Amino acid sequence: MRSPGSGIRAPMPDPRLFLAQPLSEGARLRLDEGQSRYLATVLRRAVGAPVRVFNVADGEWRAEIDAKDRQGLTLIVRARLRAPASGPDLDLLFAPVKRDATDLIVEKATELGVRRLRPVLTARTIVDVVRLDRLAAIAREAAEQTERLDVPEVLALTPLAKALDGWAGERALIYADEQGDDPAQAWGGAAGRAAPIAAALHSVKGAALAVLIGPEGGFEPGERRLLRSLPFVIPVSLGPRILRAETAAIATLALVQSLWGDWR
C-alpha cells in the first residue's frame with residue numbers, strides 16, 4: 001500500500017460536459033468552439049480520450065473523442081452511465097449585486113441544487129442589468145463539476161412585484177427577512193419577528209419551494225408589507241447577524257436542502 005506522501009498522484013477524472021443534443025449509443029456529436037478548445041487545448045486530450053457527457057433528458061453517458069479537425073472535436077457516445085434524474089423543484093429569487101458576488105450566488109446555488117435562478121429587481125437593487133449568457137455559462141460549468149444531471153434555468157431579470165403576481169400558490173416562498181418588527185412580540189405574525197428558518201421549514205410540505213434573497217440594502221418597508229401579506233410567503237429569520245446577500249443565499253439554500261430537499 002502506498003502512503004499518502006508517496007508522491008503518486010491520483011488519476012484525473014474524465015472531463016464532464018453538458019450537451020443539449022440528444023444522447024444515445026453510437027451518436028456522433030459535434031462540440032462547439034469553447035468545448036473543443038477546453039478539451040484539446042486546456043486539457044490536451046487527444047483522439048480516443050474518454051469524456052463524460054450529460055443532460056437532464058438522457059442522463060449521463062461515456063463517450064470518447066472520435067475526430068479532431070480545424071473546426072473542432074467530434075465525440076462518439078458509447079454507453080449510458082446514469083439514467084435521467086433531477087433534484088428538488090427549488091427556485092432561487094435574488095436581487096443582483098456586484099458582479100463577483102452575483103457570480104458566486106449563481107455558482108453556489110447550482111452546486112446546492114437550485115433548478116431555476118430568477119434575478120429580481122427590487123427598490124434597492126444596485127444592479128439593473130444582468131448578462132444572462134454569463135450567468136448561464138457559470139451555472140453550466142458548476143453543474144459539470146458537481147455531478148448533477150441538469151443545469152439550472154436562468155430567467156430574465158424581472159421586477160419583484162411582477163414575479164410575485166400570478167404566483168403558483170402550491171410553491172411556498174421562503175423570504176429571508178433581515179428586519180424584525182417588534183422583538184417584544186412572539187415569533188411570526190404581522191407584528192412579531194420572522195420565525196427561525198429551521199422551524200419554518202419543518203412546516204413546508206409541498207414538492208416545490210422557492211427562496212427569496214434581497215439586495216444589499218434590504219427590502220424597503222412597502223416590499224416587506226407586500227411580502228408578508230401574501231399567503232404563500234413564509235418570512236424567516238437568518239439569525240442575529242446581518243449577512244451579505246451572497247452569504248444569505250448560500251446559508252439559506254444549505255438549510256433548505258438539509259431540512260426539506262435532497263440532503264435528508
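User: Which residue just after helix 1 takes a positive phi?

Analyst: This is a predicted model, so what follows describes computed coordinates. Just after helix 1, the backbone takes a positive phi of about 55°, and the residue that does so is R44.

User: At the start of helix 1, which residue has a backbone nitrogen that a side-chain oxygen of D32 reaches?

Analyst: Helix 1 covers residues 33-42, and D32 is found at its start. A side-chain oxygen of D32 comes to within 3.2 Å of a backbone nitrogen there, and that nitrogen belongs to G34.

User: Why do the buried residues of helix 1 lie on the same side?

Analyst: The buried residues of this helix are Q35, S36, L39 and A40. An α-helix has 3.6 residues a turn, so residues three or four places apart point the same way. On the other side of helix 1, E33 and V42 are exposed.

User: Which strands are included in what covers the buried residues of helix 1?

Analyst: The cover over the buried residues of helix 1 includes several strands, and two of these, strand 4 and strand 5, are named again in the pairings that follow. The strands included are strand 1 (16-18), strand 3, strand 4 (59-69) and strand 5 (72-82).

User: How many bridges join strand 4 to strand 5?

Analyst: A hairpin through two residues joins strand 4 to strand 5, and the two strands run antiparallel. Within this pairing, K68 stands opposite L73 in strand 5. The number of bridges that join strand 4 to strand 5 is nine.

User: Which residue in strand 5 does R28 stand opposite?

Analyst: Strand 2, residues 28-30, also pairs with strand 5, in the antiparallel sense and over three bridges. In strand 5, the residue opposite R28 is I76.

User: Is N55 buried or exposed?

Analyst: N55 has its place in strand 3, which spans residues 50-55, and a polar atom of its side chain lies 3.2 Å from the backbone nitrogen of A57. Leaving aside neighbours within four places in sequence, N55 is in contact with F18, L19, A20, Q21, L23 and L149. The relative accessibility of N55 is 5%, and buried means under 20%, so N55 counts as buried.

User: In strand 12, which residue is the bridge partner of L92?

Analyst: Strand 12 runs parallel to strand 6, with six bridges between them, and parallel to strand 10, with four bridges. For L92, the bridge partner in strand 12 is V211.

User: How many of the six residues of strand 12 are buried?

Analyst: From strand 12, A208, A210 and L212 point one way while L209, V211 and I213 point the other way, and all are buried. V211, for instance, touches residues including L90, L92, I174 and L253. Strand 12 is thus mostly covered, and the number of its buried residues is six.

User: Which exposed residues does helix 6 carry on the face turned away from its buried side?

Analyst: In helix 6, residues 221-229, the buried residues are E223, R224 and L227. Seen down the axis, these fall within an arc of 100°, so they line one face of the helix. They pack against helix 4 (160-164), strand 10, strand 12 and strand 13 (233-237). The face turned away from that buried side carries the exposed residues R225 and S229.

Key: Residues numbered from 1 in each chain as written. Predicted model: local features only at pLDDT ≥ 70, side-chain atom pairs only at ≥ 80, totals over all residues. Heavy atoms only, no water. Contact = heavy atoms within 4.5 Å. Buried < 20%, exposed > 50% of the residue type's maximum accessible area, 1.4 Å probe, protein only. Pairing = 2+ DSSP bridges. Polar contact = N/O pair within 3.5 Å; in protein donor to acceptor, adjacent residues only side chain to side chain. Arc of directions from axis to C-beta.
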